[in-house]
Amino acid sequence: MLKDITLGQFFPGFSPVHRLDPRIKLILTGAYVVMLFLANNLVGLAFGILFFLGAYFLARIPLKMMLKGLKPVLPIILFTSVLNMFFITGDPLFSWWVITITRQGVYTAVIMSIRIVCLIAGTSLLTYTTSPISLTDGLERLMGPLKKLRFPVHELAMMMSIALRFIPTLIEE
């Protein structure tokens, strides 16, 4: 199951997404994450789904690769959904003994599940289409103005690069 984790892996290619500047990819990924957390209804999340599906299509990365990367996260999605269905109060849909499933609980479970899938799939695209060294350089250049405030930009970018490079090694171990 751990071999299915594709986060941090780079898949070389010549698509328009691969050729984008890493800083643009980082900014778009950050904006995408913010949009996912601001979207509180199915219409907003539908835009998130369309965006990452379109980006995967442009990047020419097979959807089965995305699904393979989501497989290890399924237990978290199921656990989150069950908690939301059982512990959110509202209009009961089903009740038996002390177990009550509410309409609001089901709605929240669906929203959270879609949000987690979009979050993992959308952010994985960043590492699929950007080499770790390009990602490190892009992050360092993007945070360059923070050097004036004596923020350790280079060290932070290097830590991220090392972490990304060791994910496949940790998975094998």
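In the predicted model, D21 and R23 are joined by a salt bridge in which the closest N and O atoms lie 3.1 Å apart. Side chains of opposite charge can pair when their charged atoms come close. D21 has a relative accessibility of 26% and counts as partly exposed. R23 is likewise classed as partly exposed, at 30% relative accessibility.

The structure contains two salt bridges. Besides the pair D21 and R23, a salt bridge links the side chains of E140 and K147, with an N to O distance of 4.0 Å. E140 has a relative accessible area of 17% and is buried, because the limit for a buried residue is under 20%. K147, by contrast, counts as partly exposed, with a relative accessibility of 46%.

Two packed helices are described by the angle between their axes and the distance between the axes. For helix α2 (residues 22-38) and α6, the axes come within 10 Å and cross at roughly 180 degrees. An angle over 145 degrees counts as roughly antiparallel, and α2 and α6 are therefore roughly antiparallel to each other. On the α2 side, the contact is made by K25, L26, T29, Y32, V33, L36 and F37. On the α6 side, the residues are R115, C118, L119, G122, T123, L126 and T129. Taken by type, the residues of this contact comprise eight nonpolar, four polar and two charged.

Two residues of the contact between α2 and α6, K25 and T129, also touch H18. H18 is part of helix α1 (residues 16-19) and counts as buried, at 13% relative accessibility. When neighbours within four places in sequence are left aside, the contacts of H18 are F10, F11, P12, G13, K25, A59, Y128 and T129.

A further helix, α4, spans residues 63-70, and its buried residues are M65, M66, G69 and L70. Viewed down the axis of α4, these buried residues fall within an arc of 140 degrees, so they line one face of the helix. The face turned away from the buried side of α4 carries K64 and L67, which are exposed. Among the elements that cover the buried residues of α4 are α3 (42-59), α5 (74-87) and α6 (103-129).

Notes:
Residues are numbered from 1 along each chain as its sequence is written. This is a predicted model: local features need pLDDT of at least 70, side-chain atom pairs count only at pLDDT 80 or more; totals for chains, interfaces and linings use all residues. Side-chain values use heavy atoms; hydrogens and water are left out. Buried means under 20% relative accessible area, exposed over 50%, partly exposed in between (1.4 Å probe, protein chains only). Helices (H or I, at least four residues) and strands (E, at least two) are DSSP runs, numbered from the N terminus. The arc is that of the directions from the helix axis to the C-beta atoms. Contact means heavy atoms within 4.5 Å. Axes are lines fitted to C-alpha atoms, for helices over the stretch in contact, and angles run from 0 to 180 degrees between N-to-C directions. Angles under 35 degrees count as roughly parallel, over 145 as roughly antiparallel, 65 to 115 as roughly perpendicular and the rest as oblique. Ala, Val, Leu, Ile, Met, Phe, Trp, Tyr, Cys and Pro count as nonpolar, Asp, Glu, Lys and Arg as charged, and the others, Gly among them, as polar.
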